[in-house]
Amino acid sequence: MKCLVTYASKYGTTKQYAHWIAEELSCDIKDAKDVNGSILASYDVIIHGGGLYAGGLSGIQTIVRNFDVISDKGILLFSCGLADPGDPGNIEHIEKGLEKVLTPEMRRKIRQFHLRGGINYPELGMVHKAMMAMLRKSMLKKGYENLSSEDRLMLDTYGKFIDFSDKNTITPIVEYVKNLKS
């Protein structure tokens, strides 16, 4: 089976995960902006990774726009964000965001995985810095003692670099694709 990993990465963590996955599966890898329907159609398995920004998955339009061409393929999505994917509330939030762009048919056919990334405040663009500043302000209003441990961690590391990426967390994706191939 011919496999392609695509990614849309603004700050590098999603790209790193995409490279790890491509390496483990001996797949081709391409930036999502360099992919079109004819390229996707030439693969049996397509794995797309995107960073999470304000509830949306970057680069997902590549899959959505070309779904009619690839609907018979094995399609996987992986999200990469700061939120802990071990928290069911975070997964629910991510999936609600995906429901806004994926039709029910797409959600049935596309396997989803969620990975934890990181944040490098000094490298954030102005829009993302403003969004994080607003989030920080709203958390401070709640009072530190009333926050979840994840929210406290966000406040404690605000303005710094923090990286939760872990190569071991790609194992379920790799195993799923290997099972498709067998």
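**Close-up views of a predicted model**

At 53% relative accessibility, Glu23 counts as exposed, and this residue opens the first of the views below, all of which show a predicted model.

**View 1. Glu23, Glu24 and Lys167 are linked in a salt-bridge network.** The side chains of Glu23 and Lys167 meet with an N to O distance of 3.2 Å. Glu24 is partly exposed, with a relative accessible area of 37%. Lys167 is partly exposed as well, at 31%. The structure as a whole holds five salt bridges.

**View 2. A salt bridge joins Glu92 and Lys96 within helix H5.** The closest N and O atoms of Glu92 and Lys96 are 3.3 Å apart. The two residues are four positions apart in helix H5 (residues 88-99), and are therefore separated by about one helical turn. Glu92 has a relative accessibility of 44% and counts as partly exposed. Lys96, at 47%, also counts as partly exposed.

**View 3. Strand S3 is largely enclosed by the rest of the structure.** Strand S3 covers residues 45-53, and seven of its nine residues are buried. Strand S1 (residues 3-8) pairs with S3 in the parallel sense over six bridges. Within this pairing, Val5 has Ile47 of S3 as its bridge partner. Strand S5 (residues 74-81) runs parallel to S3 and is joined to it by seven bridges. Here Gly51 is bridged to Cys80 of S5. Strand S4 (residues 56-57) runs antiparallel to S3, with two bridges between them. In that pairing, Leu52 has Leu57 of S4 as its bridge partner.

**View 4. Cys3 and Cys80 are buried cysteines, in a structure where a search finds zero disulfides.** Cys80 is in no disulfide, and the nearest cysteine sulfur, that of Cys27, is 18 Å away. The cut-off for a disulfide is a pair of cysteine sulfur atoms within 2.5 Å. Cys80 has a relative accessible area of 5%. Cys3 counts as buried at a relative accessibility of 5%.

**View 5. Tyr17 and Trp20 form an edge-to-face aromatic pair, one of three aromatic pairs found in the whole structure.** The ring centres of Tyr17 and Trp20 are 5.4 Å apart, and the angle between the planes is 85°. Both residues lie in helix H1 (residues 13-25), three residues apart, and are therefore separated by about one helical turn. Tyr17 and Trp20 are both buried.

**View 6. Phe113 and Tyr176 form an edge-to-face aromatic pair.** The distance is 5.9 Å centre to centre, with 70° between the planes. This pair links distant parts of the chain: Phe113 is in strand S6 (residues 110-116) and Tyr176 is in helix H9, 63 residues apart. Phe113 counts as buried, at 9% relative accessibility. Tyr176, by contrast, counts as partly exposed, at 31%.

**View 7. Met1, Tyr176 and Leu180 form a nonpolar patch on the surface.** Together the three residues have about 260 Å² of accessible area. Leu180 is located in helix H9 (residues 171-181). At 32% relative accessibility, Leu180 counts as partly exposed. Tyr176, the residue paired with Phe113 in the previous view, is likewise in helix H9 and partly exposed.

Technical notes: Residues are numbered from 1 along each chain as its sequence is written. This is a predicted model: local features need pLDDT of at least 70, side-chain atom pairs count only at pLDDT 80 or more; totals for chains, interfaces and linings use all residues. Side-chain values use heavy atoms; hydrogens and water are left out. Patches are made of residues with over 30% relative accessible area and no salt bridge: like charges are joined within 9 Å, nonpolar side chains (Val, Leu, Ile, Met, Phe, Trp, Tyr) within 5 Å. Accessible areas come from the Shrake-Rupley method with a 1.4 Å probe; for residues, only the protein chains shown count as cover. A salt bridge is a side-chain nitrogen of Lys or Arg within 4 Å of a carboxyl oxygen of Asp or Glu. Buried means under 20% relative accessible area, exposed over 50%, partly exposed in between (1.4 Å probe, protein chains only). Two strands pair if DSSP finds at least two bridges between them. Rings of Phe, Tyr and Trp (its six-membered ring) pair if their centres lie within 6.5 Å; planes under 30 degrees apart count as stacked, over 60 as edge-to-face and the rest as tilted.
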